[in-house]
Amino acid sequence: MAWEIDPTHSHVNFSVKHMMFSTVRGSFKVFSGKLHIDEQNPAASWVEAQADTTSVDTSDANRDGHLRGADFFDVEKYPTISFKSTNVERAGDGYKVTGDLTIHGVTKSVVFDAEYLGQGKNPWGATVAGLSATTKINRRDFGLTWSAALETGGVLVGDDVKIEIDLETQNKG
């Protein structure tokens, strides 16, 4: 069954350590994608999605501007982050979704731990489904290397980035 991501009922979030001891959270406000769900044969399932890097939002305009610049996403050169699955398989009560994640012009294979949360009809008669997925990446693997050394030791921006995605999708036939 083919599905399209409903961005008004979905979230693409990330978090990273700041100054080694606190966490900064952010999201991408503009994203889209399509997927095919085959509950009987997960290997036949797939997902393709992209996020607009200019839509990064951490609730701090100065930080968001820095993230859009050449030190991080370099949105002029790399306006999107994309993911295209290469394998979907059952893993306990959930799924492992392996695919190619492209950030800052660098593509790496990543594995999302995913959960299919079910489906139903909304009040307007459309069939919708819910899914969630998480993974952790090292930002340096994608060429995002900017940070600053701290006077007390450590660095300003951690390397590990946790990605959390909550999706509501609508059946497109």
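This is a predicted model: local features need pLDDT of at least 70, side-chain atom pairs count only at pLDDT 80 or more; totals for chains, interfaces and linings use all residues.
Now step back and take in the whole chain. It has one helix and 11 strands. Along its principal axes, the C-alpha trace spans about 55 × 30 × 30 Å.

What about inside and outside? Buried residues account for 39% of the 173 in the chain. If you take the contacts with a separation of 6 or more, 54% of them involve residues 24 or more positions apart. As for charge, there are 17 positive and 24 negative ones, and their mean positions are 1 Å apart.

Let's zoom in on Thr 98, which sits in strand β8, residues 94–103. With a relative accessible area of 17%, Thr 98 falls under the 20% cut-off, so it is buried. And what is it in contact with, leaving aside neighbours within four places in sequence? The list is Phe 83, Ser 85, Thr 86, Asn 87, Ser 109, Val 110 and Val 111.

Next, have a look at two loop residues with a positive phi. Ser 59 has a phi of about 70 degrees, although it is not a glycine. You'll find Ser 59 in the loop between β6 (56–57) and α1 (61–68). Is Ser 59 buried or exposed? It is exposed, with a relative accessible area of 73%. His 104 isn't a glycine either, and its positive phi is about 60 degrees. This residue lies in the loop between β8 and β9 (106–121). His 104 counts as buried, at 16% relative accessibility.

Finally, the salt bridges: how many are there? The count comes to five. One of them joins the side chains of Lys 84 and Glu 48, at 3.8 Å from N to O. Lys 84 belongs to strand β7 (residues 80–91) and Glu 48 to strand β5 (residues 46–52), so this pair ties together parts that are 36 residues apart in sequence. Lys 84 is partly exposed, with a relative accessible area of 48%.

Another salt bridge links Asp 113 and Lys 96, whose closest N and O atoms are 2.3 Å apart. Here Asp 113 lies in strand β9 and Lys 96 in strand β8, so the pair connects parts 17 residues apart in sequence. Asp 113 is partly exposed at 39% relative accessible area, and Lys 96 is partly exposed at 30%.

Then there's the bridge between the side chains of Arg 139 and Asp 159, at 3.9 Å from N to O. Arg 139 is in the loop between β10 (127–138) and β11 (157–171), while Asp 159 is in strand β11, so the pair ties together parts 20 residues apart in sequence. Arg 139 is buried, with a relative accessible area of 3%, whereas Asp 159 is partly exposed at 27%. Through shared partners, salt bridges join Arg 139, Arg 140 and Asp 159 into one network.

Conventions
Residues are numbered from 1 along each chain as its sequence is written. Side-chain values use heavy atoms; hydrogens and water are left out. Helices (H or I, at least four residues) and strands (E, at least two) are DSSP runs, numbered from the N terminus. Buried means under 20% relative accessible area, exposed over 50%, partly exposed in between (1.4 Å probe, protein chains only). Contact means heavy atoms within 4.5 Å. Lys and Arg count as positive and Asp and Glu as negative; His and the chain ends are not counted. The place of a charge is taken as NZ of Lys, CZ of Arg, CG of Asp or CD of Glu. A salt bridge is a side-chain nitrogen of Lys or Arg within 4 Å of a carboxyl oxygen of Asp or Glu.
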